[in-house]
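These are my notebook entries on one structure. I wished to look up a few residues and the confidence of the model.

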Amino acid sequence: MNILRNLTMVAAAAALSACATDALHASPHPAIVRTATTAVLPFANYTTTPGAGERAASITESLLMTHGLAHTVVVNAGASNGLPLERLPNISAALARAGRMGARYAMEGSVEEWRYTIGLDGEPAVAVTLNLVDVRTGQILWTATGSRSGNPRESVGVLAEDTVNAMLNRLLP
């Protein structure tokens with residue numbers, strides 16, 4: 001009887017430690033021209049993790065291509081996403097540069113969380129916001145925000161990729 005109870009407790013503990021939480025919200029996907037060039041702008045980094053914005057932008061660029069947007073370019077507006085919050089990327093300048101590069105759309109974003117939680121397990125946690133912008137008008141065509149926490153055996157990179165991919169599945173079904 002004790003063995004059965006111990007096994008049940010171990011199974012319950014394993015199930016709880018493997019729990020992940022997530023939230024994902026997105027506006028309705030617009031009709032976009034998939035053959036048009038899409039620029040990936042520098043992402044704002046609202047975290048204390050240096051380079052989180054660059055990492056999220058790189059993941060987004062790659063996933064946009066895997067979702068069928070073959071003409072994707074990266075706009076480097078000269079801002080480093082590892083900088084303090086008062087020196088965020090200049091989105092207006094990045095949009096203008098994307099227009100000069102022939103982009104019809106631009107994906108801008110921000111990273112609100114990119115870390116391992118404090119504690120014994122150290123679960124990864126990420127939160128990202130994406131906006132698809134019409135380069136010609138500056139109008140936001142689509143927006144999504146996603147946040148997830150994972151299990152201790154998962155990396156922040158894997159969790160971020162899964163989160164951004166789930167978000168892009170809403171844009172490019």
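Why does T72 count as buried? I found that T72 counts as buried because its relative accessibility is 13%, where buried means under 20% relative accessible area with a 1.4 Å probe, protein chains only.

I noted that this is a predicted model, in which local features need pLDDT of at least 70 and side-chain atom pairs count only at pLDDT 80 or more, while totals for chains, interfaces and linings use all residues. Residues are numbered from 1 along each chain as its sequence is written, and side-chain values use heavy atoms, with hydrogens and water left out.

**Entry on T72.** I located T72 in strand β4, residues 72-74 (a strand is a DSSP run of E, at least two residues, numbered from the N terminus). The T72 side chain reaches the backbone oxygen of L69 at 2.8 Å. Leaving out residues up to four places away in sequence, T72 touches T38, V40, E61, L64 and M65 (contact means heavy atoms within 4.5 Å). I also looked up A103, 31 residues from T72 along the chain; their C-alpha atoms are separated by 8.3 Å.

**Entry on E108.** I found E108 in strand β5, residues 105-116. E108 is buried but has no salt bridge (a side-chain nitrogen of Lys or Arg within 4 Å of a carboxyl oxygen of Asp or Glu). The nearest side chain of opposite charge, R97, is 15 Å away. Beyond four places in sequence, the residues that E108 touches include L41, F43 and I140.

**Entry on confidence.** I recorded a mean pLDDT of 84 for the protein (the predictor's confidence in each residue, from 0 to 100). Over residues 79-87, pLDDT stays under 50.

Note on methods
Helix = DSSP H or I, 4+ residues; strand = E, 2+ residues; numbered from the N terminus. Buried < 20%, exposed > 50% of the residue type's maximum accessible area, 1.4 Å probe, protein only. Lys, Arg positive; Asp, Glu negative; His and termini not counted. Polar contact = N/O pair within 3.5 Å; in protein donor to acceptor, adjacent residues only side chain to side chain.
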